[in-house]
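I opened my notebook to get to know a new structure. Here is what I looked up, entry by entry.

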Amino acid sequence: MRIGEFAQATGSTPRALRHYEQAGLITSVRAANGYRFYDAGVAVRVRNIRHLLDAGLTLDDVRVFLPCLDGDVTEGPASAQALRVALDRLAVMEERIAAQVAVRDRLAGVLAEATRGRIRPVA
């Protein structure tokens with residue numbers, strides 16, 4: 001399949017596919033005219049990459065999962081390295097959430113003080 005067809009078939013974009021290829025996560029075959037062609041088997045790999053990215057991992061994180069990207073990444077037992085990467089990413093997310101909650105609380109406090117409690121933040 002050419003890149004546009006392949007992107008549509010995998011729910012991705014041509015830009016994302018080029019990015020995954022540049023990152024060494026997928027491969028394509030180049031035709032004489034420079035067009036990229038993808039083997040249908042690469043579709044499973046792309047779907048797994050997207051699944052891991054949607055879960056909050058980065059492309060660098062996804063590299064750890066290379067040995068299992070061609071199968072069902074949710075089926076087998078996770079390696080110690082994969083678990084470590086996921087736990088590290090979760091810790092980063094928790095820190096970001098805590099920082100955002102602190103900023104929100106400060107802003108809510110300033111608004112409450114400035115309006116003498118007449119305006120209350122939503123939620």
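I looked up Asp105 and found it partly exposed, with a relative accessible area of 42%. Arg104 is exposed, at 52%. My terms here: buried is under 20% relative accessible area, exposed is over 50%, and partly exposed is in between, with a 1.4 Å probe and protein chains only. The side chains of Arg104 and Asp105 meet in a salt bridge, 3.0 Å from N to O. A salt bridge is a side-chain nitrogen of Lys or Arg within 4 Å of a carboxyl oxygen of Asp or Glu.

I am reading a predicted model, so local features need pLDDT of at least 70 and side-chain atom pairs count only at pLDDT 80 or more, while totals for chains, interfaces and linings use all residues. Residues are numbered from 1 along each chain as its sequence is written, and side-chain values use heavy atoms, leaving out hydrogens and water.

I checked pLDDT, the predictor's confidence in each residue from 0 to 100. The protein has a mean of 91, and 98% of its residues reach 70 or more. Confidence is lowest in S2, at a mean of 90, and highest in H2, at 96. Helices (H or I, at least four residues) and strands (E, at least two) are DSSP runs, numbered from the N terminus.

How many salt bridges does the structure hold? I found 5. In one of them, the side chains of Glu21 and Arg36 meet at 3.0 Å, N to O. Glu21 lies in helix H2 (residues 14–22) and Arg36 in strand S2 (residues 36–37), so this pair ties together parts 15 residues apart in sequence. Arg36 counts as buried, at 18% relative accessibility.

Asp70 and Arg45 also meet through their side chains, at 2.8 Å, N to O. This pair links distant parts of the chain, 25 residues apart: Asp70 is in the loop between helix H4 (59–62) and H5, and Arg45 is in helix H3 (residues 42–54). Arg45 counts as buried too, at 15% relative accessibility.

Helix H5 (residues 80–114) gives the most to the lining of the largest pocket, with 3 residues. I sorted the lining residues into 11 nonpolar, 2 polar and 1 charged. Ala, Val, Leu, Ile, Met, Phe, Trp, Tyr, Cys and Pro count as nonpolar, Asp, Glu, Lys and Arg as charged, and the others, Gly among them, as polar.
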